[in-house]
Amino acid sequence: MQKVQSRDKSIKVLLGGTKYSLDFYQREYLWKKKQITELIDDLSEKFIDSHKEGNERTAVAKYGHYFLGPIIISERDGCKYIIDGQQRLTSLTLLLIYIHGQLNEEDRGQLANLIFSMTYGERSFNLNVKERTECMNALFTGEPLNENGHTESVANILDRYQDIEEYFPEELSGSTLPFFADWLIENVFLIEITADSDADAYTIFETMNNRGLSLTPTEMLKGYLLANITDLDMRTEANKVWQKHSARLKARGKELEADAIKSWLLSQYAKSQRRRGTGDKPQDLERIHSDFYQWVRDHKQVLKLTNSSEFFRFITKDFKFYADCYKKIEDAEVEFTKGLEAIFFNTPNVLPFQYSMLLASLKTDDSEEEVLRKLRIVSGYIDILINRQIWNLRPIGYSVNREPMFLMIKEVRMLDAKSLAQILVERLLEDKYTFARSDNFHLIRARNNRPQSIHPSGNRHRFAYTRANRRDVRQILARITDYIEIKSGRPSRYAEYVRKSENPHSIEHIWANDYDRHSDEFESQSEFELYRNRIGGLLLLPEMFNMNYGNLPYEEKLPYYIKHNLLAQSLHEQAYENDSEFKKFIEESELEFKPHSQFKKADLDARQLLYQKIAEQIWNPENLLKEAESEAI
């Protein structure tokens, strides 16, 4: 092996004026919402530990440090190639771009050099990957970029940037943001391990991942628990149980074992949380999240770990049970599972402690039937909560939902299914944000809570498409479309509507962007455009349809709608002629479906109200009470 260098570097030193590249055989950027939101949570928690209102900027130098782990670099021909660490470096770059865009001109300067450099008037990003340049430029400048037809990496980059926009904590914004920016680039460190050849770099990578440099918190917890089982046969059995369930979790991702343990401990045992922004010491919630091994050791009395048999029980009964339940949830997130559909629906929208909320009511002596019933009830509650917030353009990020979700976990802990449903329905009935809004706000707001524009039609039934919430609108349309099709006797196509495929679906505006055609009903083009974006004027159709027909007048598009999904077909009179199941559904649901031979302002108003009524049926809190009484699926 040739010369190898290892050095800890702040983000400012690591990215400042340095170019990093990827070889063509490197894997794609694969982070999901879960990983990016956890990174934001970890960084914000560590920053808030030190920050106090009224501090001078210079005080940041004495704030706590945060370590983001090692990256492995192969340096050759004067260029640095990333062997391991591109997921973190890409995510950090996206976070820096977002923060750069929120700072004032004076504070932006220190970040620009970490993101890009200029040569002959062209922007060159420090994470220099040719296929991503157009996408990164669009994010940096705020210019629009076509949503579809991207590589996996670019599609994930766009999604993760939107996650950052939606999830970035409100308490880090405004006057606090420059402090956070200073801390992020000066006090957050990575270890850069550099080798002179690819072969040496990959040897280091394999050694670190296969042999390990140190025990992980999970391995230390396992060792501690096993060491306290004095009977050799019992210890051997407990070790087999741990290894079996650990392997099942890690088969889908090496971080899942630790995530499962954190979610389990938080769901069943956490009693306290630190008050944010106070500088208080970390409590149960924060300590489980950051150092669950030591938390278990410090709370062995709470966990009833008082003798050898209790340590044996903790592994062979408790760990086994909650690891199995965690795996059920994880499987349902990945594959559309009958009976656990809401878990799949909730996957794109990560509420804080979502897994812990799902696990909280479960008891180790629950039957399989009872476990599934409780998972359906809680995932249904989360589904309603998320979609109400989306409909009302409310943020669903960490800062807004952290405390209420933690309080709910404690409130539903170990409840039976009937009591669980009753509590959750009560909380939903107390919620002022429903699908029929009654507040007096007059601004359409993006999910990051920034005002977008004045809505011309008052304050009711105005959920609408904006650039910031396009993914949410797409999800809502998919749910509405899928619901009426299932209720009309057709198979579910939800996964097809939301997944990227060879023929992906995208948002179709029923009105083409042609103000002149509608100028008799609107005072200005801006008023028309705002009305055009209301959800009642939208459909979800194959992208190729939008490309070929999207700009046509409504009357010319209408004959083509009958060939697509039922929500689109319902605009055409033929949908009501021979489809007995659809007509039966209309009669039973009392939804006011009707054909529209033309699509004027009044027609859009009628569809807006129809979509609202469908949403109220899909996300009806009474469904949770019915679930508590339902037969096993």
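How many helices and strands make up the secondary structure of the protein chain? The chain comes to 28 helices and 11 strands, taken as DSSP runs numbered from the N terminus, with helices being H or I of at least four residues and strands E of at least two.

## The model and its overall fold

This is a predicted model, in which local features need pLDDT of at least 70 and side-chain atom pairs count only at pLDDT 80 or more, while totals for chains, interfaces and linings use all residues. Residues are numbered from 1 along each chain as its sequence is written, and side-chain values use heavy atoms, with hydrogens and water left out.

Of the 633 residues of the protein chain, 55% count as buried. Here buried means under 20% relative accessible area, exposed means over 50%, and partly exposed lies in between, using a 1.4 Å probe and protein chains only. Taking a contact as heavy atoms within 4.5 Å, residues 24 or more positions apart account for 73% of the contacts with a separation of 6 or more.

Let's start with helix 7, residues 177-187, where 10 of the 11 residues are buried. Among them are Phe179, Phe180 and Trp183, along with Asp182 and Asn187.

In helix 24 (residues 554-561), the buried residues are Tyr554, Lys557, Leu558 and Tyr561. They lie on the same side of helix 24 because they cover an arc of only 120° around the axis, the arc being that of the directions from the helix axis to the C-beta atoms. An α-helix has 3.6 residues a turn, so residues three or four places apart point the same way. The buried residues of helix 24 pack against strand 10 (505-509), strand 11 (538-542), helix 23 (543-549) and helix 25 (566-569).

## Cavities and pockets

On a 1 Å grid over the protein atoms alone, a cavity is a set of points where a 1.4 Å probe fits but cannot get out; a pocket is an open set with protein on both sides within 12 Å along at least five of seven lines, and lining residues have an atom within 4 Å of a point. Grid points are joined across faces, edges and corners, and a volume is the space filled by probe spheres set on the points. Helix 14 (341-346), helix 16 (368-391) and helix 19 (470-487) each give two or more residues to its lining. That lining includes Phe345, Asp383, Arg479 and Tyr494, and it divides into two nonpolar, four polar and two charged residues. Ala, Val, Leu, Ile, Met, Phe, Trp, Tyr, Cys and Pro count as nonpolar, Asp, Glu, Lys and Arg as charged, and the others, Gly among them, as polar.

The second largest pocket holds about 1,000 Å³ of space. Of its 28 lining residues, Glu341, Phe345, Ile618, Asn623 and Glu627 are the closest to its centre. Helix 14, helix 16, helix 19, helix 27 (601-618) and helix 28 (622-629) each supply at least two lining residues.

## Individual residues

Arginine 388 is found in helix 16 and is buried, with a relative accessible area of 6%. Leaving out residues up to four places away in sequence, Arginine 388 touches Leu428, Asp431, Tyr433, Thr434, Phe435 and Pro621.

Alanine 227, in helix 9 (residues 217-227), is exposed, with a relative accessible area of 55%.
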